[in-house]
Amino acid sequence: MWVKLCCLLLYFLALFVLARVFEAVAWYESGFLATQLVDPVALSFRKLRTILECRGLGHSGLPEKKDVRELVEKSGDLMEGELYSALKEEEASESVSSTNFSGEMHFYELVEDTKDGIWLVQVIANDRSPLVGKVHWEKMVKKVSRFGIRAGTFNCSSDPRYCRRRGWLKSTLIMSVPQTSTSKGKVMLKEYSGRKIEVEHIFKWITAHAASRIKTIYNSEHLKEEWNKSDQYRVKIYLFANLDQPPAFFSALSVKFTGRVEFIFVNVENWDNRSYMAEIGIYKTPSYILRTPEGIYRYGNNTGEFISLRAMDSFLRSLQPEVNDLFVLSLVLVNLMAWMDLFITQGATIKRFVVLISTLGTYNSLLIISWLPVLGFLQLPYLDSFYEYSLKLFRYSNTTTLASWVRADWMFYSSHPALFLSTYLGHGLLIDYFEKKRRRNNNTDEVNANNLEWLSSLWDWYTSYLFHPIASFQHFPFDSDWDEDPDLFLERLAFPDLWLHPLIPTDYIKNLPMWRFKCLGVHSDEEMLETFQDSESDSDSENKEVFSSEKEGSEDDELNMFHRRSEGEPRCGVETCSCANKYCHHEPYERKARSYGSYSTAGDIEPDWSAWPSEMLHCTECVVCLENFANDCLLMGLPCGHVFHQNCIVMWLAGGRHCCPVCRWASYKKKQPYTHPQPLSNDTPS
C-alpha cells in the first residue's frame, strides 16, 4: 500500500512539473502567461461576445462593439487563461442532452427533491405542440448548461392526472429554484409568462429569478451595516460592480453553495460617496472580495482565479467543502492508487488483472467502511468546534499561492482527460519497467511466468482450497497432490476420510528451534574404529533389548527407551561426532527410529549438550537421512523433543507431513517439556 501511495505522489509531482513546462512553452511561443491581463479593446466582437456568454451577461440589446467591451470591463478583469478556456468551450460545441421525465415520481425525485440546483423544464400539454421548438430548445439547453442549470422535458401524455393537478393545461416552461437560503430548503416552481419565445429573453428571465436570491446592497450605509454584521455565515463573497444585476455564474453559484457561502451583490452604479469602500480596502470596481473570519481575500489575483463558473466553483469548494466533496476526492485518490497494482504486479497478464480487481474491491470496501464511523462522528453535537477548526485549516491552506497552482492544474487536466490518462499510463509503464528490472536482478521466477502457468497454479490452489477444510486464516501452500497421481482425486471422492484433513500453514517452521552440533573433544579415526569394534557386540545386545521392550511396552515406555544410554558408542572424531550402533544406513527406517537417543558417554569426547535447548532429547543421528550428525552441522528440533538435520526436517515438513518422523506428534502443536532422566550407570566394555 505504501509503495502505491509513493507512486501516486510521484505521479502528482510529475503532473505539477509538466504543467509548469506547458506554461513555459506557451510563454515562449506566444509571449504571455495565463494570468496575464487582456485588454478588451484589442479583442474582436466575436471574442467579446463569447466572454459575455461564459460569464452569463445578456448582450442582445448591444449592437456596438464599444458597448459590449464596456460590459466586459464592468463584469471583471479578463485574463488570457479565461479567454483561452472560453474560446475552446465554444469550439467544442458538444451537444447536451436533456432529461425526459416519465411521470410524477420521476419529476419529484429529480426536480422537487433537489435542493441545491436549478432546473428548467419544458411542459408539453396533451395534444399540444411544445412552447419552444426543437432547434431553439437545443440552443437553450446548451446555454443554461454552462451555469450548472439542468434541463428536462415533461410530456403530459405520460401522466395526465399530475398535469391536471398542477394546472398545466397548456405548454409552458417551468423553472425550479430553492426558496430559502438554507441548505436543503423548499423548492419553488416559477412559470414563464413572457410573450417572446426567444433564447435571450428566456435566459434573461432565468437569470433575473436566480439573482433575486442574492442579497443586493445599493448604498454605503447598508454596506456598513452588512459588513459589520455577524450571523450564521462564516464565509461571504461580495461583488462590487457597476451592473444592473450580477452575472449568471454568480447567481448559479449562490444556489449551489446554499447554506455554506453567502453571496452579496453591491451595486455601486449610483454611488456618490465611496469613502467607506476605501476604509474596508476596496479601491476599484469590479472586485470579488471573500470575507472570512481570518480576513479579506481578493479573488482574481492568483493563478487560475478566472471570472467564470468553473474557476470560482473550484475555489469555493476548496475553502468550504462538503463531506460529499471530501468523499469523492478520497474515492478518486484510492482508485488511482489501486490501479497502480496493474503496473507493480509482475508476471502473467491475467494475474495482473486478477490482482487489480481484488485490490479495487478491497480498497473501495475499506474506504466505505472507514467513512461510516467518520460520518457518525461528525453528527455529534459537541464536535462543532472541531468542525470549525477544520474549516479554518482549509481556508488557511487553500488561499496560498501553491493551492492556486494546484486548482489551476486540476482545471487544466480535467478539461484535457486524454492528457491526464496518457500521463498516468506513461507513469505506470515506467513503474512496470523499473519493477521488472528490480525483480530480474533478484532472480524472481514470476517475472517470466505466462498466463497458462499462472492459471495452472491458480487451479492447483483452488482445488486444494476446495477439497481441504481451512485450518488457519494464514496463507496456504500452493503445492498440489494432484500432480503426483491423477487418480488421487477419484480416490478421495470415494473415501472422504482421506481428504478431510485440514491445510496446515508452514509458517510455524521458521519458529522451530535451531542450533549447531558441537563436540567437547576429538580423537583419531583409528581410535574411533577400535572403540567401535570393541563395543559392537554390547551395542547389538542392547539394541535387541530396546526393540523387544518397545513391542510390549506402552508409548511412554517407548519414549524412555529412546533415552537409554548405550554402553559402547562411537567417539567424536576430528570432523564428526557420531553414535554408532548396529543399524547402519542400509537398515529399514523403522529399525533406525528405534535406536533414537543413543549418544557417547566417554567423558571428554561426548557432544556438547549445553548448547542444546533444554526441552530437546539428546541424540547424535538423524532418522530422516540415516546419517550421523557432523560437527558444526545445523540441527532443528520439533515440539516433541526429537532432533534432526535442519534441511532434512524442513523438506519432510514442507512436503505435507506435519508430524514427527519418530513419534508422529504433530509438528505444529506444543508438548509438555521433557525432563531428562538421570543417566544410568555404564559399564566400560572389555
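## Close-up views of a predicted model

**View 1. About 40 Å³ of space lies in the second largest cavity of this predicted model.** The model is predicted, so local features are reported at pLDDT of at least 70 and side-chain atom pairs only at pLDDT 80 or more, while totals for chains, interfaces and linings use all residues. Residues are numbered from 1 along each chain as its sequence is written, and side-chain values use heavy atoms, with hydrogens and water left out. A cavity here is a set of points, on a 1 Å grid over the protein atoms alone, where a 1.4 Å probe fits but cannot get out; lining residues have an atom within 4 Å of a point. Grid points are joined across faces, edges and corners, and the volume is the space filled by probe spheres set on them. The structure holds 4 cavities of 30 Å³ or more.

Which residues line the second largest cavity? They are I118, F147, I149, I206, T207, A210, A248, S251 and A252. Helices α8 (199–211) and α10 (248–256) each supply at least two residues of this lining; helices (H or I, at least four residues) and strands (E, at least two) are DSSP runs, numbered from the N terminus. By class, the lining has 7 nonpolar, 2 polar and no charged residues (nonpolar: Ala, Val, Leu, Ile, Met, Phe, Trp, Tyr, Cys and Pro; charged: Asp, Glu, Lys and Arg; polar: the others, Gly among them).

**View 2. C156 and C163 form the disulfide of this structure, which holds 1.** The term stands for a pair of cysteine sulfur atoms within 2.5 Å, and the sulfur atoms of C156 and C163 are 2.1 Å apart. Look along the S-S bond and you will find -95° about it, a left-handed link. Are the two partners buried or exposed? C156 counts as buried at 1% relative accessibility, and C163 counts as buried at 2% (buried means under 20% relative accessible area, exposed over 50%, and partly exposed in between, with a 1.4 Å probe and protein chains only). C7, by contrast, is in no disulfide, and the nearest cysteine sulfur, that of C6, is 7.0 Å away. C7 is buried too, with a relative accessible area of 13%.

**View 3. K4 forms a salt bridge with D341.** A salt bridge is a side-chain nitrogen of Lys or Arg within 4 Å of a carboxyl oxygen of Asp or Glu; for K4 and D341 the closest N and O atoms are 3.7 Å apart. The pair links distant parts of the chain, with K4 in helix α1 (residues 2–30) and D341 in helix α14 (residues 341–344), 337 residues apart. Both K4 and D341 are buried. UniProt, in an unreviewed entry, lists residues 1–19 as "signal peptide"; its positions are given in the numbering used here, feature names are shortened, and annotations may be inferred rather than shown by experiment. In the model, this span is 95% helix and 0% strand, and its end C-alpha atoms lie 27 Å apart.

**View 4. Salt bridges also join K392 with E294 and K436 with D432.** A search of the whole structure finds 26 salt bridges. The closest N and O atoms of K392 and E294 are 2.9 Å apart. K392 lies in helix α16 (residues 384–398) and E294 in the loop between β9 (287–292) and β10 (295–299), so the pair ties together parts that are 98 residues apart in sequence. K392 is partly exposed at 25% relative accessibility, and E294 is partly exposed at 27%.

K436 and D432, with closest N and O atoms 3.9 Å apart, both lie in helix α18 (residues 417–441), 4 residues apart, about one turn of the helix. K436 is partly exposed at 26%, whereas D432 is buried at 12%. Elsewhere, K256, R260, D313, R317, E322 and D325 are linked in a network of salt bridges.

**View 5. A cis peptide bond joins T285 and P286.** Its omega is about 0°, and P286 sits in the loop between α11 (275–279) and β9. Most residues other than glycine have a negative phi, and most peptide bonds are trans. D632 has a positive phi near 70°; its place is in the loop between β13 (627–628) and β14 (634–637), and D632 is partly exposed at 37%. R664, in the segment after α24 (646–654), has a positive phi of about 65° although it is not a glycine.

Terms used. On a 1 Å grid over the protein atoms alone, a cavity is a set of points where a 1.4 Å probe fits but cannot get out, and a pocket is an open set with protein on both sides within 12 Å along at least five of seven lines; lining residues have an atom within 4 Å of a point.
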